[in-house]
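Please keep the sequence and the structure in view while reading.

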Amino acid sequence: MTKIAFIFPGQGSQTVGMGSELFNGGGNYLERADEVLQFGLSRLITEGPQEELTLTYNAQPALLTVGAMIASRLVEEGITPDYTAGHSLGEYTALVASGVLSFEDGVSVVHKRGQFMNDAVPAGEGAMAAILGLDGEKLQEVTDSITEEGNPVQPANLNCPGQIVISGTKAGVEKACVELKDAGAKRAIPLDVSGPFHSSLMKPAAERLKNALDEVEMKDASIPVVANVNAETVSDSEKIKQLLVEQLYSPVRWEDSVRELIDLGVTHFIECGPGKVLSGLVKKIDRSVTVLPVFDDETLQTVIDAAKGWK
């Protein structure tokens with residue numbers, strides 16, 4: 001029996017023009033986002049510049065807008081998920097798709113979330129990097145040592161076997177990249193993000209985020225969501241709110257989240273958003289499942305055609 005999970009990418013996937021082919025039939029998502037935010041997010045999505053789009057308080061609502069629009073297009077075609085999940089910022093898009101947040105509240109909250117995160121650590125002072133080919137225990141040992149020296153850095157995204165993202169101060173991440181390669185990592189790749197997400201440096205933003213979440217209506221999920229913090233399904237709105245606050249400074253347990261979805265019987269993952277980052281991670285976690293990205297008209301049609309044969 002086919003079980004479907006919609007999955008939504010996080011920051012780093014943003015590109016100028018993302019989703020542009022799909023917006024024509026997309027329920028006025030660009031206009032609705034502009035109205036909520038009172039600035040031209042639609043212009044940034046369609047025209048850029050990339051540097052401005054990448055700023056966390058712009059990238060977050062932009063990615064949510066594109067992801068929510070794609071999910072709605074799939075549902076219009078009769079393709080509905082049994083579960084949802086999102087990577088970091090993508091968890092908020094999953095919550096929109098699962099009926100926890102309205103699209104408008106989702107856009108507003110993640111814009112504020114981006115501002116809080118930027119205020120906690122201004123752009124340029126923090127960094128993140130993907131570490132490939134090193135086990136988690138050795139990575140933790142190195143990052144703990146650097147943190148004790150006064151440059152906080154820690155595991156932030158546990159993405160798939162052999163890929164862990166670290167996050168912290170710019171100096172801490174740079175030092176860790178050198179030492180982790182010396183310790184046996186195959187590569188250390190700086191990420192195109194504007195802050196040290198999912199690190200202890202984000203704790204000052206957590207209370208402000210809690211207050212922002214208290215101001216919007218959150219409903220129990222109509223479709224269960226697998227949460228980043230504990231890699232477990234959650235439907236209760238109060239529990240979801242608590243986990244979203246913790247998510248700001250806790251590691252994203254993506255590998256565990258995907259394994260949980262597979263254990264729940266998910267056979268087909270549909271990545272709703274620009275690029276194929278999550279599709280690649282899922283295949284590295286378990287090659288037996290079907291993974292389909294949707295980011296333009298062609299990939300949407302591919303999924304629509306494929307779904308006709310699912311039972």
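Two strands are taken to pair if DSSP finds at least two bridges between them. With that in mind, the bridge partner of Ala130 in strand E5 is Val165. The model discussed here is predicted, and the points below are grouped by topic.

**Overall form**

- The protein chain contains 13 helices and 10 strands; its radius of gyration is 18 Å, close to the 19 Å that the globule rule gives for 311 residues, so the chain is as compact as a globular protein of that length.
- Taken along the principal axes, the box filled by the C-alpha atoms of the protein chain is roughly 55 × 45 × 35 Å.
- Buried residues make up 56% of the 311 residues of the protein chain, while the accessible surface comes to about 12500 Å², with 47% of it belonging to carbon and sulfur atoms.
- Among the contacts in the protein chain with a separation of 6 or more, 75% are accounted for by residues 24 or more positions apart.

**The antiparallel sheet and the helices on it**

- An open sheet is formed by 4 strands in the order E4-E5-E3-E6, with antiparallel pairing; its edge strands, each pairing on one side only, are E4 (153-160) and E6 (187-190).
- On average, and with direction ignored, neighbouring strands of this sheet are turned by 25° against each other.
- Within the sheet, strand E3 (residues 126-132) and strand E5 (residues 163-169) run antiparallel and are joined by 7 bridges.
- Helix H7 (residues 136-148) lies across E3, E4 and E5 and runs at about 160° to E4, whereas helix H8 (residues 170-182) packs on the sheet by touching E3, E4, E5 and E6, its direction making about 140° with that of E5.

- In strand E1 (residues 4-8), 5 of the 5 residues are buried, so the strand is largely enclosed by the rest of the structure.
- The side chains of E1 divide between two directions, with Ile4, Phe6 and Phe8 pointing one way and Ala5 and Ile7 the other way, and all of these residues are buried.
- E1 pairs in the parallel sense with strand E9 (residues 268-272) over 4 bridges, and in that pairing Phe6 has Ile270 as its bridge partner.
- E1 also runs parallel to strand E2 (residues 83-86), to which 4 bridges join it, and here Ala5 stands opposite Tyr83.

**His198 in a loop**

- His198 is placed in the loop between E6 and helix H9 (203-214), yet at 1% relative accessibility His198 counts as buried, the cut-off being under 20%.
- The side chain of His198 makes a polar contact of 2.5 Å with the side chain of Ser88.
- Not counting residues up to four places away in sequence, His198 touches a set of residues that includes Arg113, the stretch Gln154, Pro155, Ala156 and Asn157, and also Gln247, Leu248 and Tyr249.

**Thr299 in helix H13**

- Thr299, found in helix H13 (residues 297-307), has a relative accessible area of 15% and is therefore buried, since the cut-off is under 20%.
- The side chains of Thr299 and Asp296 are joined by a polar contact of 2.7 Å, and, leaving aside neighbours within four places in sequence, Thr299 is in contact with Pro293 and Val294.

Key:
Residues numbered from 1 in each chain as written. Predicted model: local features only at pLDDT ≥ 70, side-chain atom pairs only at ≥ 80, totals over all residues. Heavy atoms only, no water. Axes fitted to C-alpha atoms, helices over the stretch in contact; angles between N-to-C directions. Contact = heavy atoms within 4.5 Å. Rg over C-alpha atoms; globule rule 2.2 N^0.38 Å. Buried < 20%, exposed > 50% of the residue type's maximum accessible area, 1.4 Å probe, protein only. Areas by Shrake-Rupley, 256 points an atom, 1.4 Å probe, with all protein chains shown as cover. Polar contact = N/O pair within 3.5 Å; in protein donor to acceptor, adjacent residues only side chain to side chain.
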